[in-house]
Amino acid sequence: MTAKGMISMRHTAVQCGLGSLGKNTLLIHPEFGNRLTVGAVLTDLELNSDPLQPDLCIPGCRICLDHCPVQAISGGSVKQKSCRLNTYGTTARGFDTVDCNRCRALCPRNRMK
Ligand code: B12
């Protein structure tokens, strides 16, 4: 139950200057907080990235670490199996559900401006 994207969008976004990673491992954008869904376009054009953003996670904050119902977050990575089993489900009628996003929703950086 461990997956890696062909590209880790959040690490890529950091290297592009879009934001920094929070302790919950999510991208924090200076304007939109952690609410961005990230997409990527692969190209062989030589493009300059924007300047790297400073660390936007709040020093000493432990909200995501302390409120994960399955203690899946260690501050730098996520125990994927624990998160998956807790988060993704199916309704009685067979529709996929996302049942937890506490590390995103409770983060004080879930909205910035
Ligand atoms: C697999 C996956 C998951 C897994 C693992 C999550 C994770 N943190 O990696 C699970 C099922 C747990 C998951 C859950 C969720 N996910 Co998800 N997931 C992905 C997916 C498909 C791949 C991520 C991946 O490859 N992880 C494995 C590796 C990269 O992570 P790692 O082991 O922590 O990496 C460490 C080292 O390997 C090293 N490293 C690895 N690569 C690199 C690269 C560089 C440059 C550097 C410096 C270091 C480095 O540093 C890391 C820290 O130690 C991405 C889409 C994508 N293609 O990126 C979405 C993605 C990360 N998910 C996303 C979201 C929204 C969620 C959820 C909030 C969904 C929900 N419940 O509502 C939760 C959040 C849980 C959490 N706190 O992470 C968004 C995040 C958006 C954002 N603002 O950051 C993404 C980017 C999807 C998208 N298109 O936007 N997800």
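A residue is near a molecule if its C-beta atom, placed from the backbone, lies within 6 Å of it. In this predicted model, 30 residues surround the ligand, and the closest are Gly-5, Met-9, His-11, Leu-27 and Asn-101. The chain itself has 113 residues, and its secondary structure comes to 4 helices and 4 strands.

**Ligand shell**

- Sorted by class, the shell around the ligand holds 13 nonpolar, 13 polar and 4 charged residues.

**Overall architecture**

- Read from the N terminus, the order of elements in the chain is α-β-β-α-α-β-β-α.
- The C-alpha trace spans about 50 × 35 × 25 Å along its principal axes.
- Of the residues in the chain, 18% count as buried.
- Among contacts in the chain with a separation of 6 or more, 62% are between residues 24 or more positions apart.

**Thr-25, between β1 and β2**

- The loop that joins β1 (20–21) and β2 (27–28) contains Thr-25.
- Thr-25 has a positive phi of about 75 degrees, although it is not a glycine.
- There are 19 other C-beta atoms within 10 Å of Thr-25, so this residue is partly exposed; a buried residue would need 20 or more.
- Not counting residues up to four places away in sequence, Thr-25 touches Arg-10, Ser-77 and Val-78.
- Thr-25 and Ile-73 are 48 residues apart in sequence, and their C-alpha atoms are 8.3 Å apart in space.

**Gln-53, between β2 and α2**

- Gln-53 sits in the loop between β2 and α2 (63–67).
- Gln-53 counts as partly exposed because 17 other C-beta atoms lie within 10 Å.
- Apart from neighbours within four places in sequence, Gln-53 is in contact with Gly-17, Gly-19, Ser-20 and Pro-30.
- From Gln-53 to Leu-36 the separation is 17 residues in sequence and 16 Å in space, C-alpha to C-alpha.

**Gln-71, between α2 and α3**

- The loop between α2 and α3 is where Gln-71 is found.
- Gln-71 has a positive phi of about 50 degrees and is not a glycine.
- With 11 other C-beta atoms within 10 Å, Gln-71 is exposed, because the limit for that class is 12 or fewer.

- Arg-84 and Ile-63 are 21 residues apart in sequence and 20 Å apart in space, C-alpha to C-alpha.

**Thr-90, in strand β3**

- Thr-90 belongs to strand β3, which covers residues 88–90.
- Because 9 other C-beta atoms lie within 10 Å, Thr-90 is exposed.
- Leaving aside neighbours within four places in sequence, Thr-90 is in contact with Phe-95, Asp-96 and Thr-97.

Definitions and conventions
Residues numbered from 1 in each chain as written. Predicted model: local features only at pLDDT ≥ 70, side-chain atom pairs only at ≥ 80, totals over all residues. Nonpolar A, V, L, I, M, F, W, Y, C, P; charged D, E, K, R; others polar. Helix = DSSP H or I, 4+ residues; strand = E, 2+ residues; numbered from the N terminus. Contact = placed C-beta atoms within 7 Å.
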